[in-house]
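Subject: The structure you asked about

Hello,

Here is the structure I promised to pass on to you. Please open it and keep it beside this email while you read.

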Amino acid sequence: TSLMHYLVKLVESKFPDLMHFDKDLPHIDAASKVSMSMMQSEIATLKKDFVAVEKSAEAVKSIGQQDKFQQVMREFVSRTAEDLDTMNADLTQIDADFKPLAGFFGEDPKLDPAEFLVIFVKFAASYGKTREANAQAVLQ
C-alpha cells in the first residue's frame, strides 16, 4: 500500500461525504487547460476589437428614419461594454481569490491557476484510481 491508499482509507473512515470529491469537480480538467495569461490576452483583444467596432459604428451615417442601425448599435455597444467590464472584473476576482487558495495548499501565490489545477487534476485522478483499487480489494 501507498500513502494514497492510506489517505483514501482515512477519508473513507473519517470523512465519508468526501469520498467522491473527485467526481464533484467535473470541470476541473477543462479549467486546468486555460491559463490566466491567456484569459487576460483574450480580454485585451476583445477590448481592442470592441473599440474598433464602436468607432466604425459611430462613423456610419444614418440613411433615413427607417434606418435602425445606430439604435441597434448603441444598444449593442452598451451591452457589450457592460459584458467586457464584467469579464474583466471576474478575471480580477479570480486572480484575487486564487492567491490565498494557492497559499492554503502550500503553493506559490504567483503560480498560474492552470498550473495549480494540473497538480490538482493529477491528485484527483490518482485518488480516484486508488479509491477504485481499494474497493476492488475489499470485494476480493
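A word on the ground rules. This is a predicted model, in which local features need pLDDT of at least 70 and side-chain atom pairs count only at pLDDT 80 or more, while totals for chains, interfaces and linings use all residues. Residues are numbered from 1 along each chain as its sequence is written, and side-chain values use heavy atoms, with hydrogens and water left out.

**The helices**

Helices here are DSSP runs of H or I with at least four residues, numbered from the N terminus (strands would be runs of E with at least two). The expected span of a helix is 1.5 Å times one less than its number of residues.

Start with α4, which has 36 residues and reaches 52 Å from its first C-alpha to its last, close to the 52 Å expected. After α4 comes Gly-106, with a positive phi near 80°. α3 has 24 residues and reaches 35 Å, close to the expected 34 Å. For α5, residues 113-139, the 27 residues should span 39 Å, and the end C-alpha atoms are 39 Å apart, which agrees.

Next, what is hidden in each helix? A residue is buried under 20% relative accessible area, exposed over 50%, and partly exposed in between (1.4 Å probe, protein chains only). In α3, the buried residues are Met-36, Ile-43, Phe-50 and Ala-57. Their cover includes α4 and α5, where contact means heavy atoms within 4.5 Å. In α4, the buried residues are Met-73, Val-77, Thr-80, Leu-84, Leu-91, Phe-98 and Ala-102, and what covers them includes α3 and α5. The buried residues of α5 include Phe-116, Leu-117, Phe-120 and Tyr-127; the buried residues of this helix pack against α1 (3-14), α2 (28-31), α3 (36-59) and α4 (69-104).

For contrast, look at Val-51, which is in helix α3. Val-51 counts as partly exposed because its relative accessible area is 37%.

**Polar contacts**

A polar contact is a pair of N or O atoms within 3.5 Å; within protein, one must be able to donate a hydrogen and the other to accept it, and residues adjacent in sequence count only if both atoms are side-chain atoms. At the start of α5, a side-chain oxygen of Asp-112 comes within 2.8 Å of the backbone nitrogen of Ala-114.

Ser-32 sits in the loop between α2 and α3 and counts as buried because its relative accessibility is 10%. A polar atom of the Ser-32 side chain lies 2.6 Å from the backbone oxygen of Asp-29. Leaving out residues up to four places away in sequence, Ser-32 touches Ala-114, Leu-117, Val-118 and Val-121.

**Salt bridges**

Side chains of opposite charge can pair when their charged atoms come close. A salt bridge is a side-chain nitrogen of Lys or Arg within 4 Å of a carboxyl oxygen of Asp or Glu, and the structure holds four of them.

One joins Arg-131 and Asp-22 (2.6 Å, N to O). This pair links distant parts of the chain, with Arg-131 in helix α5 and Asp-22 in the loop between α1 and α2, 109 residues apart. Both Arg-131 and Asp-22 are buried. A polar atom of the Arg-131 side chain also lies 3.1 Å from the backbone oxygen of Met-19.

Another pairs Lys-33 with Asp-29 (2.9 Å, N to O). Lys-33 counts as exposed, at 57% relative accessibility, whereas Asp-29 is partly exposed, at 37%.

A further bridge brings Asp-95 and Lys-99 together (3.5 Å, N to O). These residues are four apart in helix α4, so about one helical turn separates them. Elsewhere, salt bridges that share partners join Asp-22, Arg-131 and Glu-132 into one network.

Happy exploring, and write back with any questions!
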